[in-house]
Each structure stands twice: as structure tokens, then as C-alpha cells.
Amino acid sequence: HWCITKADLRFLRRKIRGAVQEMEIVPHDLDPFDPRDTKTGPNMYTVVNQYIMPLTSRAGGMSWALLRHPEGLPCDIFITHCWAEG
């Protein structure tokens with residue numbers, strides 16, 4: 001099961017904020033987010049392309065969920081989101 005926890009989401013938010021501050025995640029033509037805005041950050045396309053994919057690629061190419069929980073986790077709820085929103 002490729003699942004994450006609420007704590008994982010909080011962890012990811014902190015990591016994204018840090019990556020924006022360190023300029024590992026940067027605005028671009030399709031996502032001109034304001035790096036100073038701590039409420040609305042980069043959209044998920046930007047996060048995945050500039051942060052998640054490089055991270056998981058260096059770790060062997062698994063999903064971020066399996067990177068966090070290699071044995072998987074049971075899922076009891078599914079939540080989706082709009083990737084284009086920050």
C-alpha cells in the first residue's frame with residue numbers, strides 16, 4: 001500500500017518550505033509562485049519535478065510514499081487534490 005500519514009504531509013510541507021528557501025524549488029513560467037508567500041507555495045507539478053523526482057531518483061526510483069514507508073502502510077481514506085494549485 002502506497003500511503004502516507006498526516007505527519008508525513010506536515011513533514012513534506014516543512015521540507016518544501018526549506019527547499020524554496022534554499023532555492024531548490026524555484027518559480028518558473030508555468031508556476032510563478034512568490035517564494036516569500038508561506039501560505040500558498042509552488043504547485044504540485046513544480047514540487048514533483050523540482051523536489052520529489054530528484055529525491056526519489058537519488059534514493060533508487062521509488063515513490064515518495066514508499067521512500068517514507070518501505071514496507072507500505074494500510075490505507076483507510078483516499079484524498080485527491082488539484083496539482084495546479086499552490
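What share of the 86 residues in the protein chain is buried? Buried residues make up 26% of them, and I would ask you to keep in mind throughout that what we are looking at is a predicted model.

Let me begin with the overall layout. The protein chain has 3 helices and 0 strands, and read from the N terminus the order of elements is simply α-α-α. Along its principal axes, the C-alpha trace spans about 35 × 30 × 20 Å. The radius of gyration is 13 Å, which agrees with the value near 12 Å that a compact globule of 86 residues would have. As for the contacts between residues at least 6 apart in sequence, 60% of them join residues at least 24 apart. The chain exposes about 6,500 Å², and carbon and sulfur atoms supply 57% of that area.

Now to the interior. In soluble globular proteins, nonpolar side chains tend to be buried together. In this model the largest nonpolar core has 11 residues, namely Leu12, Ile16, Ala19, Val20, Ile25, Phe33, Val47, Val48, Tyr51, Ile52 and Trp64. Helix H1, residues 6-21, and helix H2, residues 44-58, each supply at least two residues of this core. If you select Tyr51, one of the core residues, and set aside its neighbours within four places in sequence, you will find it in contact with Leu12, Lys15, Ala19, Glu24, Ile25 and Thr46.

Which residue has its charged end over the ring of Phe11? That residue is Arg68, whose charged end sits 3.9 Å from the centre of the ring. A search for aromatic pairs, by contrast, covers the whole structure and finds 0 of them. Gly60 itself belongs to the loop between H2 and H3, and it counts as exposed because its relative accessible area is 64%, where the cut-off for exposed is over 50%.

His1 lies in the segment before H1 and, at 64% relative accessibility, counts as exposed. Not counting residues up to four places away in sequence, His1 touches Gly72, Leu73, Pro74 and Cys75. The C-alpha atoms of His1 and Ile77, which are 76 residues apart along the chain, are separated by 12 Å.

Trp2 is likewise placed in the segment before H1, and with a relative accessibility of 63% it counts as exposed. Beyond residues up to four places away in sequence, Trp2 touches Ser63, Ala65 and Leu66. For the pair of Trp2 and Leu66, 64 residues apart in sequence, the C-alpha to C-alpha separation is 6.1 Å.

With its neighbours within four places in sequence left aside, Leu66 is in contact with Trp2 and Gly72. Leu66 can also be placed relative to Thr56, 10 residues apart from it along the chain, with 9.4 Å between the two C-alpha atoms.

Moving on from H3, is His69 buried or exposed? His69, in the segment after H3, counts as buried because its relative accessibility is 19%, and the cut-off for buried is under 20%. Not counting residues up to four places away in sequence, the residues that His69 touches are Cys3, Thr5 and Asp8.

Last comes a point about the backbone. Most residues other than glycine have a negative phi. Met23, although it is not a glycine, has a positive phi of about 60°. Met23 is found in the loop between H1 and H2, and it is classed as exposed, its relative accessible area being 64%.

Note on methods: Residues are numbered from 1 along each chain as its sequence is written. This is a predicted model: local features need pLDDT of at least 70, side-chain atom pairs count only at pLDDT 80 or more; totals for chains, interfaces and linings use all residues. Side-chain values use heavy atoms; hydrogens and water are left out. Rings of Phe, Tyr and Trp (its six-membered ring) pair if their centres lie within 6.5 Å; planes under 30 degrees apart count as stacked, over 60 as edge-to-face and the rest as tilted. A charge sits over a ring if NZ of Lys or CZ of Arg is within 6 Å of the ring centre and within 35 degrees of the ring normal. Contact means heavy atoms within 4.5 Å. Helices (H or I, at least four residues) and strands (E, at least two) are DSSP runs, numbered from the N terminus. The radius of gyration is taken over C-alpha atoms; the globule rule is 2.2 Å times the number of residues to the power 0.38. Buried means under 20% relative accessible area, exposed over 50%, partly exposed in between (1.4 Å probe, protein chains only). Accessible areas come from the Shrake-Rupley method with a 1.4 Å probe; for residues, only the protein chains shown count as cover. A nonpolar core is a set of buried Ala, Val, Leu, Ile, Met, Phe, Trp, Tyr and Cys residues joined through side-chain atoms within 4.5 Å.
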